[in-house]
Amino acid sequence: MTKQQLGRSGARSPAQGYPRGDDAGCHVLHVDMDAFYASVELLRHPELVGTPVIVAGGGTRGVVLSATYEARALGVHSAMPASRARRLCPSATFLAPHHDDYARISAGVMAIFGSVTPHVEPLSLDEAFLDVSGALRRLGSPSQIGEQIRTTVQDEQGITCSVGVASTKFVAKLASGRCKPDGLLVVPADQVIEFLHPLQIGALWGVGDKTEEALHRLGLRTVADLANTPVGTLERALGHAAGRHLWQLAWGRDERTVVPDVQEKSIGRDRTFETDVDDPAVVHRELLASSQSVASQLRARALAGRTIAIKVRFADFTTITRSRTLSHPTDVARDIYATAVALFDALGLDRARVRLVGVRVEGLVDGSTVAHQLTLDERPEAWRAAERAADQAADRFGRGVVRPASLVEIPDP
Amino acid sequence: MKFRVERDVFAEAVAWAARSLPSRPPLPVLAGLLIDAQEGGLTLSSFDYEVSARVEVEADVSEPGSILVSGRLLADITRSLPDRPVEMSTEEGDRKAQLVCGSSKFSLQTLPREDYPSLPVMPDAAGTLPGAEFAAAVAQVAVAVGRDDTLPVLTGIRVEFEGDRLVLAATDRYRLAVRELHWVPGRTDLTTVALVQGRSLADTARALGDAESVTIALTGSGSGEGLIGFEGAAGKESRRTTNRLLDGEFPKYRALLPAEASSVAVIESSALLETVKRVALVADRNTPVRLAFEEGQLVVEAGAGDEAQAVESLECGYTGEALTIAFNPQFLQEGIAALGTAYTEISFTTSTKPAVIAGRTEPESASDGSYRYLIMPVRLSG
């Protein structure tokens, strides 16, 4: 019986072989849904349970958003081009994503977390940190709480999750990753060093490819190597703050606390074209569609942002981002689009083949307190009012009923 | 070439001529400053195809000639020289120039004189006005000049010539400054407009502020390849500059000036300026100051919610319904400061329509219509 089968058979006790350990002082839980999108899709397609299933967006040119563990066993992972996933795993069933379902189930899962403690810090739709120190008397020890969460999520939402229990956020996150799928792992406070030091450096939260490369150049491979390097050396290699921070992590020290309701830092949308595009007009149109989508999301959440960023990925997968900060925060698609187009045109591309473009608004602030500097020459308020009216029409009649003329698809005559 | 000149005279002349030198010249020679020494005086000039500057000063020229040297370097040197007469001469057949002042000696490389473009010819004089008046008027509108180079038209100051009247206007879309003044035109039927690079005009006007009389010169229609020239004499110096006019249509600003106001406030200028400055200390970038007007009183506030807050009230003559309006504090301060009058009059229509700032010499006197500063409010929340 493989681990996966064990998990899926509905065993509610922690998978065998994972230490329960002493969870005193381990008040941080990291809860992560297992193969979230794929698991949700399996709820629609129970006949596919136990087979490789890949959720990918954007047709044949899309990227893998999620895959069942049967597909992962063959090397498929998220963010991989769908075409490559198909080669690795030809027998897999490819499914298109249903984002509305994911949002609905995510909300249900977050509500379960909320019933445990108000100290929930969501990281994305399918994972969150919980600080359960205030719930111990009511609900039991941290690992008992973890098990209760796993049972409730399975019962109410029909999907499995894994829980890491530790004294700090980043160890809890590592722990949940180590017991996947459908597991629970406690890293006792006095065994953090033993747990961390054998790990590869890349496993540390916040170490990306660049940092890993820089550390490999110093001959550092494991967390133990990192921990036993003088902190000054790391500061020189990675910068003062980053070097010191990583060194602290390597010794299991993480001052970050669970912060509930973290404000969203940015809202963006990007899209991969069906085929690579070299016509600036087509790119502009996509930027407009993205600006519209981002602006309506901003307005729906009563946010506004000052920094507009675009992302462009070329046919060879090189990716660049450019951003510009406006003098005032905006939630108006027209302003976002004007800036996005200016940024794109400033790249001075000579019919380069573009694979993906995206628009992102950063530096978000509460839209209700934003002050709008009015201008003498135009009436931006009128644009904002028009876009708000389109939002209302969309709420009532569905997305896209009112849109810029250039985004209306003309049926072939 | 060889000449001897007073240090102060030379430093000022070099500073004037080097002022418009481009920091990244399109051609290396355009970073140069041309020194032309002839019997009785020097002419220093610079040109970057947009702006030319020329200044004549008295000097003791013992050997006439002309050279081109790096303007920025010469300006840096002359600014820091000791207070002794300056002697400049060429050696090695004009390939190097030597500058001696007291015991300091500088040897400068010269640039190829033959590659230097000839300066545009000064256009025909159109009229004159006192330098100080010109400088003050330009400074008043320069505050509203746009800084966004992607909107070149708004980086200019529009100059309208209508007989014996000049109208200067500038806007950056958030405010508009309009100044009217009288001058002495060469011919009374002169009617034309010119759009002049704002920053450069402000510099020019300031530098000609000491001149008893400034001559404005214009070519042709006043657009396209048009040129505007300014010339003034201060003491023993004669300064002159030409600017290429900007292209483009300046916004039709007259329609923006409200015909009437629903309420009017009159406040002592210095008190208002101080208050706004203080209250604005808690206003982060892009957050406004709020002005609440009611009979006899103005309350200025900034900050909200969890952030730092400030409030201050001051005496104010007010007629009209109570009104709360918010402004960018910097725009507001610049407008009040530009007035230069003891009292500030602000007239409003509504809290989302432009307010007009004008000066008054006394609380009860009529407003000074020669300068108006239109400011767009900030709309709060929503």
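## About the model

This is a predicted model, in which local features need pLDDT of at least 70 and side-chain atom pairs count only at pLDDT 80 or more, while totals for chains, interfaces and linings use all residues. Residues are numbered from 1 along each chain as its sequence is written, chains are lettered from A and ligands numbered from 1 in the order in which they are written, and side-chain values use heavy atoms, with hydrogens and water left out.

Let us start at the interface. The size of an interface is often given as the accessible area lost when the parts come together. Here about 1600 Å² is buried between chain A and chain B, and carbon and sulfur atoms give 51% of that area (buried area is the accessible area, with a 1.4 Å probe, that two parts lose on being put together, summed over both). Gln373(A), Leu374(A) and Leu376(A) supply 43% of what chain A buries against chain B, more than any other three residues. The contact (heavy atoms within 4.5 Å) draws on 18 residues from chain A and 21 residues from chain B.

There are 0 salt bridges between the two chains, where a salt bridge is a side-chain nitrogen of Lys or Arg within 4 Å of a carboxyl oxygen of Asp or Glu. The rule for polar contacts does find 3 residue pairs across the interface, both residues at pLDDT 80 or more. A polar contact is a pair of N or O atoms within 3.5 Å; within protein, one must be able to donate a hydrogen and the other to accept it, and residues adjacent in sequence count only if both atoms are side-chain atoms. On the side of chain A that touches chain B, strand 11 (319-330), strand 13 (371-373) and helix 16 (380-397) each supply at least two residues. Helices (H or I, at least four residues) and strands (E, at least two) are DSSP runs, numbered from the N terminus.

## The strands of chain B

Chain B holds 6 helices and 28 strands. Of its 382 residues, 51% count as buried (buried means under 20% relative accessible area, exposed over 50%, partly exposed in between, with a 1.4 Å probe and protein chains only). Among contacts in chain B with a separation of 6 or more, 65% come from residues 24 or more positions apart.

Strand 11 of chain B (residues 156-162) is mostly covered, with 5 of its 7 residues buried. This strand pairs in the antiparallel sense with strand 15 (residues 191-197) over 7 bridges and with strand 12 (residues 165-171) over 5 bridges. Glu160(B) has a bridge partner in each: Val193(B) in strand 15 and Val167(B) in strand 12. The hairpin of strands 11 and 12 has 2 residues between the strands, and Gly163(B) there takes a positive phi near 60°.

## Two residues of strand 18

Thr242(B) lies in strand 18 of chain B and is buried at 2% relative accessibility. Its side chain makes a polar contact of 2.5 Å with that of Ser52(B). Beyond four places in sequence, Thr242(B) touches residues including Pro120(B), Met122(B) and Leu227(B).

Arg239(B) is in the strand too, which spans residues 237-244, and counts as buried at 11% relative accessibility. Arg239(B) forms a salt bridge with Glu237(B), the closest N and O atoms being 2.8 Å apart, and Glu237(B) is buried as well. Among the residues that Arg239(B) touches beyond four places in sequence are Trp16(B), Arg54(B) and Phe230(B).

## Salt bridges

The whole structure has 40 salt bridges over all chains. One of them joins Asp101(A) and Arg104(A), at 3.5 Å between the closest N and O atoms. These two are about one helical turn apart, because they are 3 residues apart in helix 5 (residues 99-116) of chain A. Asp101(A) is buried at 14%, whereas Arg104(A) is exposed at 55%.

Glu160(B) and Arg254(B) form another, with the closest N and O atoms 2.6 Å apart. This pair links distant parts of the chain, 94 residues apart: Glu160(B) is in strand 11, and Arg254(B) is in the loop between strand 18 and strand 19 (263-268). Glu160(B) is buried at 4% relative accessibility, while Arg254(B) is partly exposed at 40%. Shared partners join Arg158(B), Glu160(B), Glu162(B), Arg165(B), Glu180(B), Arg254(B) and Arg372(B) into one network of salt bridges.

How values were computed: Two strands pair if DSSP finds at least two bridges between them.
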